[in-house]
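Subject: Structure handover

Hi,

Have a look at it first, then read on.

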Amino acid sequence: MLNDAEARSVAAKRECSICHIMWLDDFQRPNVTPLIPYDPNPVMNSGKQDVVSNERNCFSCHDGFVLDSRFVWQNKQYSHPIGVVPSNKVTLPTMNEAEMRPEVNLFPLNKDGKVYCGTCHSAHGVDWKQDASPVFLRAKNIESSICLNCHRNRSTGLKGGNHPIHKKLEDIPPDLLDKGSKFGKGNTVICQSCHRIHGGRDKNVLVVPNKNSALCGKCHSDRYAKDRSESAQMGTHPVNIASKKVKIPQEIIDRGGKLGEKGEIICQTCHSPHLAEKSAAILVKKNSNDSALCRTCHLKEGRVTNTKHNMALQEKESENIRGQKASQAGVCSACHLPHNGDGPKMWARKIGSGSEKISELCLSCHSSGKIAEHKQVGSISHPLGRNMSRLGVVVKLPGFTDAGLKKSGDMQGKVSCASCHDPHQWDPRDPDKSSKPGDPSDANNRFLRIANGGSNALCRACHKEKAQIKGTKHDVATMDLPAKSKGGTPGLCKTCHLVHKGKGPRLWATEPVKGVDPISSICLSCHNKKGVGKEKTVGEHSHPVDAPLSNLGIAALDSGWVIGTEKKPDERYKNRKLKALPLFDAKGRKTAGDGQVTCASCHDPHRWSAASKGTKGAALTAEGDATTSFLRIANSQRAELCINCHFDKGAVALSKHNLAITAPEEQNSIGQKARDIVVCFNCHVPHNAGGAKLWGRGFGPGGDQAESMCRACHQDGGIAKNKQTGEISHPLQANIKKAGGRTTFPLFNKKGERSESKAGGRVSCPSCHDPHQWDPADPLSQAGADAKVEGSASTSFLRMAAAPDGALCIDCHRDQRWVKGTDHDLRVTAPEAKNLRGETTQESGICQQCHTVHNAEQALRLWARKPGPGQDINEQMCRGCHDKGFIAEQKVPVVKNHPANVQAQNLQRRARRGPVRGFTPLFDEDGNAASTGVISCPTCHNPHRWSPVVMEYGTGENLEGNSRSSFLRNRSKLALCSNCHGMDALFRYKYFHGESSRKRHQLYR
């Protein structure tokens, strides 16, 4: 400085010099040398440019001193590029025509022709008074207009192959706003919605990283699935998955398609947001009516183009849910939409509300009123929605989840139409084979996954165990069928089953028989007099079908039978290990727990022998027996199949009723010897039996068929001729009401069928006897497995022991049960006394000391003791004990009986129906109760009850009786005596048995 005045002078460019320091006059003096050399055009990373326009100069203020723009340089790698020459995809605009300077760029480059900060920014570039755009830009930036000045080829919209701009968004993702996204007026999309010129967070200055199309998913959330399950729910093409079956071809990559970090399919695999093929919806390859893009990746599915499932050939005017015609939308778009489909598989047609989603896709065409209504499956078709895990083995065919996801090789999915059908290929043997509408079809094509011709390989893929039918009598190839005589057979499975349009349960291929349960009806459609199986009919009397298993006291679970239900609890059998055979409901479906017995419960029609896996030779030529014959359990002599359900009948093998023990050469009704056959078959045959109970023997005499069955053996000339009941025995065909009204034992009608009393059920031999167990207290006892063993009142195939306390008898004769513990219970008063059979009370039981059930001496009361003296038969029975020299000689009345020449009349009984309180019976000459007759011992005495008033068991002591006990029938004034003797009856009744009192009393004289 020459002087201080010059130093105090104000420079004219002092404000500009804040940035343009070289504009100061001092730097223009030729005689001044700066301490640091100055180059107005330094070489920067962005090329040669004036120092005022480089980044470092900008950040001298934007480092927070004036404005904090550190996010720009902290994320410098994601800012608009500088130091680069604009590519041929960029068009630099020139000055406007009004200035007549077309050679000057509106956005200048530096001296090297590269983009630098000053290309877009200038402190002098805009009118500071306007507020529609930020300052320091060379042009206004309204809705990304400054971007579009150069990047014009990215503003053409979908038709030009670019993501649309100026399109309204209904909802702006808040996350994008937080990251610095900008949107135009009315929430429209602009360049800055996705791009942030400074401080971007990903390549291409994106506002958020776009790894795996995360940025796309911010706005297109309805198309951005995180996995296959979400994809199925959204009806959109899967993204963010790495497919093992679909490989993205190089052609897609060459066209700009991209994959995720680990090779996943992402949005950019199919879409390119900028500079994609024109009019291709920003797809990397146009997906015209030939679905070229789809078929580029989905090569196998592309075969559908040449099949009947190409709707452009079949129904070209049909429309998908977007209203697109099959002839225009493309072969794939007739059924699939890449986004916003209806349900799984991006379905392009309206589907039903059924739970099995994949099958609903198929039924959207193959239903009444739909375009494929001529190809429907019918009301009876292969079941859908069944868990493939029920097969128990891994199969080649796919299953599907409830969401519609395919599951292969893990048994986790459910059966669907697409399990058997591949809708994209016509012929599994030749996947590229074409089919046209009207072409013939058979079981080897029809879009099946596996050809299902004569060997039925498709069926066997799942139902492997059913293949054992091959080579058996149920194999059509071995049958003499009309179909064979005409030159062909339907195939191993289709002889009996139709996958679609079946005629009965189990997809039955012929008309079922009516009148039986659904499962048995299909068996009988062949096994009838006119059917294919006419040589093997079941006859009029066969094992019951359509019968509830609960009748046997069993419930069926997957783990086996559960024994002991409310119907028939029995602790003795609960540990029995049995095999759960299949049961069926009223519609013919297998059911767990309770269900109905059908033919298929015992028979497996697909396997000749349960004992072996092979079915060679004998399966075609030999006559079936109890170990083959398509039985589910081999039924050896021990009757494993029979006792598997009739678990409480197996003890018959351990008793004399096992004819292999007592009569090994004896034959049943179909000529089988006892030593060779199932123990049950000695008396019962499951089919073609002779009557009720599947009777397999002849019939003897009897009042009902149940008795006739027993007497087939227990008669003169029968194999049990030494064990007959005699002429005088317990009455049969008796009405239980006369014995007390109810019983726990079974009753039988004339046909030998179990029946309630009110429905005609009466007492028969098996009412008291259980022919299948020797000892009711120990069903598994082997004590009766000897032809020479003698039974007793506690064994002898009784349902309940009769000895020692008479439990068997009092189950029916309940009014007589009070004899227990009284003086008439001979265990109390005469334990060593014996009946006519020489049995003590302990051996015979309480009741059989006086009454003999079989082979009695007299019919009246089945009396089991020697009669005593007396003027009528009832008195003789009583005096068999109550007389001198007998066990009750201490209780003998002086005057033994009422005068025999007096015939009394029971007016009380005549006035009322049935017995009443106070009723005293009279007896006819045969000893039977009558309204008019003689007075005998049981007229006034009830020998089974100690007290006439209190119903209770005796004390077990020999008591002295009185006028209030002593087995008297009543103590009421309504006694028989008063009917004849009037007021004198009381005295006559009181002194009847006393000799001295009778003679002294004047009335006696």
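This is a predicted model: local features need pLDDT of at least 70, side-chain atom pairs count only at pLDDT 80 or more; totals for chains, interfaces and linings use all residues.

Asn962 is partly exposed, at 44% relative accessible area. You'll find Asn962 in the loop between α31 (937-940) and α32 (977-981). Helices such as these are DSSP runs (H or I, at least four residues), numbered from the N terminus. A polar atom of the Asn962 side chain lies 2.7 Å from the backbone nitrogen of Arg964.

Residues are numbered from 1 along each chain as its sequence is written, and side-chain values use heavy atoms, with hydrogens and water left out.

Now for the charged pairs. Side chains of opposite charge can pair when their charged atoms come close. A salt bridge here is a side-chain nitrogen of Lys or Arg within 4 Å of a carboxyl oxygen of Asp or Glu. How many salt bridges does the structure hold? The count is 29.

One of them joins Glu261 to Lys211, with the closest N and O atoms 3.8 Å apart. Glu261 sits in the loop between α10 (250-254) and α11 (267-270), and Lys211 in the loop between α7 (191-194) and α8 (214-219), so this pair ties together parts that are 50 residues apart in sequence. Glu261 is exposed at 60% relative accessibility, and Lys211 is exposed too, at 52%.

Glu790 and Lys723 also form a salt bridge, at 2.5 Å from N to O. This pair links distant parts of the chain, 67 residues apart: Glu790 is in the loop between α25 (765-768) and α26 (807-810), and Lys723 is in the loop between α24 (705-710) and α25. Glu790 counts as exposed at 55%, whereas Lys723 is partly exposed at 37%.

Are Glu875 and Arg879 buried or exposed? Both are buried, and their side chains meet in a salt bridge of 3.1 Å, N to O.

Last stop: Glu251, Arg255, Glu277 and Lys285, which are linked in a network of salt bridges.

Cheers

Conventions:
Helices (H or I, at least four residues) and strands (E, at least two) are DSSP runs, numbered from the N terminus. Buried means under 20% relative accessible area, exposed over 50%, partly exposed in between (1.4 Å probe, protein chains only). A polar contact is a pair of N or O atoms within 3.5 Å; within protein, one must be able to donate a hydrogen and the other to accept it, and residues adjacent in sequence count only if both atoms are side-chain atoms.
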